[in-house]
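Reader: I have a model open and would like to go through it one question at a time. Please keep the answers plain.

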2 protein chains.
Amino acid sequence: MAKLVRINMSTKKVTVEPLPEKYKGKGGRWLSSLIVSDEVPADCHPLGPNNKLVIAPGILSGTRAPNSGRVSVGGKSPLTGGIKEANAGSPFPQNLARMGYAALVIEGLVEDGSQWLLKVDVNGGELIPADDLAGKGAYETGHKIWEKYEDKPAFVVNGPAGEAKMTMAGMAFSDPEGRAARYAGRGGLGAVMGSKGLKAIVLDHKDAPGIKPADQELLKTGQKKLADAILSHDVTKKGGALNSYGTAVLINILNEAGGLPTNNFRSGVFEGAQKISGEAVAEAAQKRGGAGTMGHRCHPGCVINCSTVYANEDGSEHVSSVEYESLWSLGANCGIDNLDHVAELIWQCNDLGIDTIEAGCTIGVAMEAGLAEFGDGEAAIKMMEEIRNRTPLGHILGQGTQFTGEAYGVTRIPTVKRQGMPAYEPRAVKGIGVTYATSTMGADHTAGYTIAPEILSVGGTSEPLSKKDKIGLSKAFQDTTAFLDAAGYCIFIAFPILDIESGFEGVIETVNGMLGTSYKADDVTRIGDEILRLERNFNLKAGIGKEQDRMPEFMKYEKLPPHNHVWDIEDDELDSFWD
Amino acid sequence: MAKLVRINMSTKKVTVEPLPEKYKGKGGRWLSSLIVSDEVPADCHPLGPNNKLVIAPGILSGTRAPNSGRVSVGGKSPLTGGIKEANAGSPFPQNLARMGYAALVIEGLVEDGSQWLLKVDVNGGELIPADDLAGKGAYETGHKIWEKYEDKPAFVVNGPAGEAKMTMAGMAFSDPEGRAARYAGRGGLGAVMGSKGLKAIVLDHKDAPGIKPADQELLKTGQKKLADAILSHDVTKKGGALNSYGTAVLINILNEAGGLPTNNFRSGVFEGAQKISGEAVAEAAQKRGGAGTMGHRCHPGCVINCSTVYANEDGSEHVSSVEYESLWSLGANCGIDNLDHVAELIWQCNDLGIDTIEAGCTIGVAMEAGLAEFGDGEAAIKMMEEIRNRTPLGHILGQGTQFTGEAYGVTRIPTVKRQGMPAYEPRAVKGIGVTYATSTMGADHTAGYTIAPEILSVGGTSEPLSKKDKIGLSKAFQDTTAFLDAAGYCIFIAFPILDIESGFEGVIETVNGMLGTSYKADDVTRIGDEILRLERNFNLKAGIGKEQDRMPEFMKYEKLPPHNHVWDIEDDELDSFWD
């Protein structure tokens with residue numbers, strides 16, 4: 001039976017506990033949000049002794065279900081002040097699940113500033129002094145672990161920003177080649193890891209008992225249905241949009257829709273979009289050769305392969321992966337159209353251990369405040385050095401978009417619940433704005449990706465500039481997403497399962513096959529809704545209610561070119577989200 | 001009839017309006033909180049175009065009622081995010097009232113960073129370009145105005161911190177000698193003034209029609225009763241505690257009670273207390289001679305005279321006034337026991353235009369973060385230079401206690417609703433802690449000064465370490481205080497009116513004499529409660545509810561020496577405050 005590992009950083013004790021009955025059949029976001037709700041006082045200081053970090057594989061992680069290698073990390077967010085669930089694709093949750101663990105629960109605090117490495121094995125684990133890793137970049141930390149431990153171990157590390165308790169810090173999970181580059185990025189969970197003095201976790205998966213599904217045949221049937229759907233949908237198939245250009249395929253698409261936030265959300269169109277587009281990334285991969293490749297993957301069992309490796313001019317590896325969100329945030333949003341500068345900014349973020357979305361929003365606001373000119377890539381790279389050197393400016397920037405804006409009295413701050421907005425302009429794509437406003441996570445596109453029907457004509461169509469029916473649209477997406485996050489599925493499977501019914505059946509069958517449950521289609525939204533309300537309830541207790549389900553005021557009175565729309569969904573409409 | 005002056009910073013228009021019926025008979029905090037509630041959207045950005053600054057004399061300001069020269073400033077606070085009312089003693093409200101104005105309402109924004117001076121006269125007023133004053137210290141700005149305009153004009157100026165939109169900035173009103181040193185200090189209203197491009201307001205009181213009380217005789221009777229009470233009470237009489245030692249008389253008293261927060265609220269006892277006490281200030285005044293004096297006053301008509309002037313060794317003026325809160329915050333709370341260092345820090349705060357309480361709490365947290373050693377006065381003075389030079393560190397410190405703590409991941413941050421705590425340790429004096437937690441203003445001692453019965457045995461006695469009956473005690477004090485803030489009375493009249501019934505009668509008779517009302521004793525708490533609920537309602541709409549009526553978490557688990565008490569009033573007891 002699945003177990004839970006409890007790690008107390010104050011006492012350095014690691015204990016294995018049977019999984020409580022109420023947590024059985026849960027996983028991923030469902031389980032992490034449940035444990036956080038049960039064990040973390042909503043009003044605690046996020047960096048104090050009473051916050052916890054919960055790491056849970058999805059229900060299907062470790063099985064052969066396609067694209068099910070997502071790991072969920074939960075805790076109280078030092079960025080938003082509310083509950084946080086961030087997830088990443090990595091071999092980590094697959095190995096953790098195969099070792100028989102449903103979750104790691106990290107609690108307490110190290111008081112003396114020392115750094116520790118947690119080694120987890122099938123008998124539990126131990127905390128090992130890791131002061132030699134203190135201050136080291138995420139990449140170097142990951143490399144050292146990859147070399148020191150046997151058998152290509154999966155791991156997660158904290159970068160220098162998290163050590164410094166900066167709230168834009170994420171947690172860097174390993175990819176299949178041992179890069180510390182798959183981020184549970186949002187909401188500052190790296191700062192929580194830092195507050196606990198935990199530099200890294202490495203999984204020694206020797207003697208892992210593996211996964212024992214309740215109904216192997218049903219699981220297999222579902223796997224095949226889902227894989228077939230993924231491999232036949234234009235967005236996700238081999239040679240399809242994501243596989244050919246990576247997620248960065250969206251740069252040109254959003255730019256054409258007038259929804260690519262540019263220069264700190266001053267416009268929906270970026271003149272230099274083409275230069276930082278997925279097409280440009282693919283062209284560079286072809287031209288420079290060497291390490292540069294498209295169609296990379298973040299975890300074994302992924303059949304989409306949308307990740308990328310970007311090469312230097314000489315063909316040596318520069319950084320993996322260059323994603324749409326990062327290219328947008330550190331590119332268009334800062335007016336930077338030099339792809340090498342943007343790639344370097346992504347590398348810096350990865351090595352510092354910070355969320356690229358939050359970093360790009362922060363630099364955009366810093367530029368708005370006059371700290372640098374929009375478009376100045378070198379100035380942006382220097383800001384990364386400030387964070388690394390922990391200068392006062394680094395301590396401002398490291399705390400994110402809202403904080404940086406407040407430091408300089410900026411009124412145009414693109415955040416919800418203090419979290420920087422992702423790569424879709426809500427004034428130009430209203431449904432995603434509803435997701436930003438209402439998500440329990442703060443501004444977050446993955447929480448309810450209405451871009452599918454609004455921009456990509458997947459799962460039907462919905463006019464992006466219209467406010468009609470956007471509350472219900474976002475709610476439906478958020479419910480389903482919460483379920484997928486529980487299952488451990490990558491949200492990109494949403495594209496095929498929205499359009500291909502057998503793919504959706506495959507999702508339900510894989511879960512039922514794994515758990516022995518008999519969930520039906522309705523249960524997907526029911527369970528998703530249950531997860532959202534659990535999180536919402538935590539937020540209410542933390543003092544984050546409907547008054548925080550709000551878009552930044554400037555978007556209500558400032559028209560966005562080229563469509564010249566303001567944010568026009570009324571607050572009471574937003575409030576109906578929870579009715 | 002009283003009028004209202006509306007100043008639009010966007011259009012530069014100044015208009016005089018008749019006072020709306022609903023505002024008649026209101027004044028001070030009552031009126032400023034009403035106008036803010038009516039005109040400012042609770043969810044607006046405090047530094048954006050939709051916030052307003054309301055400046056209102058008290059109901060009695062301008063009359064001969066003793067100690068009635070308080071001016072109320074209201075707006076949405078950029079520090080707390082809620083409603084803010086800060087008041088100061090100054091000739092300003094006296095002259096404003098005599099000119100026939102019930103309030104100034106400043107709205108809109110200057111977009112180009114230019115600075116303006118508002119000259120108000122009996123016909124309205126005008127905005128005058130004041131770029132020559134940009135960046136100038138509050139003192140220099142005040143001096144220039146005092147010299148340039150005739151007839152010893154009352155004024156209010158904004159310092160460099162407010163210009164830079166730093167949220168610890170207050171507004172510096174003139175004292176009777178033209179010093180820009182009487183602060184509506186708390187909650188960052190100087191930053192609001194700065195966001196509006198308003199450097200100063202000067203009153204040209206020529207041809208002021210004066211005050212026309214409804215019942216001159218009743219007003220006179222009340223005045224005499226109140227003056228007699230003030231002048232016969234030990235705390236407020238000539239040669240009494242406040243007159244002899246200033247407010248700083250409290251340093252030794254609180255230290256002996258174990259309630260003087262020391263080294264960022266790590267202890268309730270400060271070894272160096274004696275050196276920064278009121279006794280030490282009085283001794284310096286006597287020894288150094290020259291400008292150094294006790295028994296100074298902040299506005300004509302004050303019969304307590306608790307203000308002080310501190311001199312340099314050579315007898316030249318160093319700074320006025322050295323108050324208890326400032327000596328504590330910049331002294332004990334930072335472990336600094338050098339009175340000249342503390343006086344210099346106060347001068348710097350005054351010249352920068354920042355709140356001394358917020359500044360001292362901020363430096364305390366910065367020391368906690370390791371930016372300087374506790375006790376290092378010179379390092380603290382250097383921090384003031386960072387603010388003046390608008391360095392990145394200055395931009396951190398300038399945003400206050402909570403912000404500075406967050407920048408460095410500090411968990412021991414002594415704030416409520418993001419506002420730094422005043423000079424009374426809530427773990428050692430529980431009633432004042434209830435006031436900190438529940439006040440609509442954030443941590444604020446003046447909102448409900450339960451120190452009177454808890455420490456000074458004024459208005460009865462209440463055991464400071466006991467949590468018994470503290471909710472009701474704080475509520476009664478907060479109600480009464482809100483009424484006094486409406487009347488324009490200094491809160492120090494609370495001492496005599498708590499102990500001497502005729503003094504309390506005098507308060508009611510002066511208000512009735514002025515307005516022609518027939519308020520009774522019960523109306524004082526009724527009106528006070530009405531004001532509080534008005535403010536609370538604004539806060540609720542701004543997303544600040546009971547979850548923000550909370551003490552910092554560390555005070556719940558960290559015992560405070562010497563009494564080793566934690567904060568033990570439960571959250572649901574705090575919630576009963578509003579029942």
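Reader: How many of the residues of helix α2 (residues 91–98) of chain A are buried?
Author: This is a predicted model. A residue counts as buried if 20 or more other C-beta atoms lie within 10 Å of its own. The buried residues of α2(A) include Pro91(A), Phe92(A), Gln94(A) and Arg98(A). The helix is mostly covered, and the buried count is 8 of its 8 residues.

Reader: Which residue with a positive phi follows α2(A)?
Author: The phi in question is near 95°. The residue that follows α2(A) with this positive phi is Gly100(A).

Reader: Which residues have the most contacts inside the largest nonpolar core?
Author: In soluble globular proteins, nonpolar side chains tend to be buried together. Here the largest nonpolar core has 383 residues. For one of the residues asked about, contacts beyond four places in sequence are with Leu4(A), Leu31(A), Ser32(A), Ile35(A), Val54(A), Ile55(A) and Ala56(A). The residues with the most contacts inside the core are Ala103(A) and Ala103(B).

Reader: What percentage of the residues in chain A is buried?
Author: Chain A has 23 helices and 17 strands, and its C-alpha atoms fill a box of roughly 60 × 50 × 50 Å along the principal axes. Among its contacts with a separation of 6 or more, 72% join residues 24 or more positions apart. Of the 579 residues in the chain, the buried share is 65%.

Reader: Is helix α1 (residues 28–39) of chain A roughly parallel or roughly perpendicular to α18(A)?
Author: The contact is made by Gly28(A), Arg29(A) and Trp30(A) on α1(A), and by Ala482(A), Asp485(A), Ala486(A) and Ala487(A) on α18 (residues 470–487). The axes are 4 Å apart, at an angle of about 90°. Angles of 65 to 115 degrees count as roughly perpendicular, so α1(A) is, relative to α18(A), roughly perpendicular.

Reader: Which helix gives the largest share of the side of chain B that touches chain A?
Author: On this side, 29 residues of chain B are in contact with 29 residues of chain A. At least two residues each come from α5 (189–195), α14 (392–397) and α15 (401–407) of chain B. By class, the side has 11 nonpolar, 11 polar and 7 charged residues. The largest share, 4 residues, comes from α14(B).

Reader: Is Asp204(B) buried or partly exposed?
Author: Asp204(B) is in the loop between β12 (198–203) and α6 (216–232) of chain B. Beyond four places in sequence, Asp204(B) touches Lys119(B), Val120(B), Asp121(B), Tyr149(B) and Pro153(B). Burial takes 20 or more other C-beta atoms within 10 Å. Asp204(B) has 19, so Asp204(B) is partly exposed.

Terms used: Residues are numbered from 1 along each chain as its sequence is written. Chains are lettered from A and ligands numbered from 1 in the order in which they are written. This is a predicted model: local features need pLDDT of at least 70, side-chain atom pairs count only at pLDDT 80 or more; totals for chains, interfaces and linings use all residues. Two residues are in contact if their C-beta atoms, placed from the backbone, lie within 7 Å. Ala, Val, Leu, Ile, Met, Phe, Trp, Tyr, Cys and Pro count as nonpolar, Asp, Glu, Lys and Arg as charged, and the others, Gly among them, as polar. A nonpolar core is a set of buried Ala, Val, Leu, Ile, Met, Phe, Trp, Tyr and Cys residues joined through C-beta atoms within 7 Å. A residue is buried if 20 or more other C-beta atoms lie within 10 Å of its own, exposed if 12 or fewer, and partly exposed in between; C-beta atoms are placed from the backbone. Axes are lines fitted to C-alpha atoms, for helices over the stretch in contact, and angles run from 0 to 180 degrees between N-to-C directions. Angles under 35 degrees count as roughly parallel, over 145 as roughly antiparallel, 65 to 115 as roughly perpendicular and the rest as oblique.
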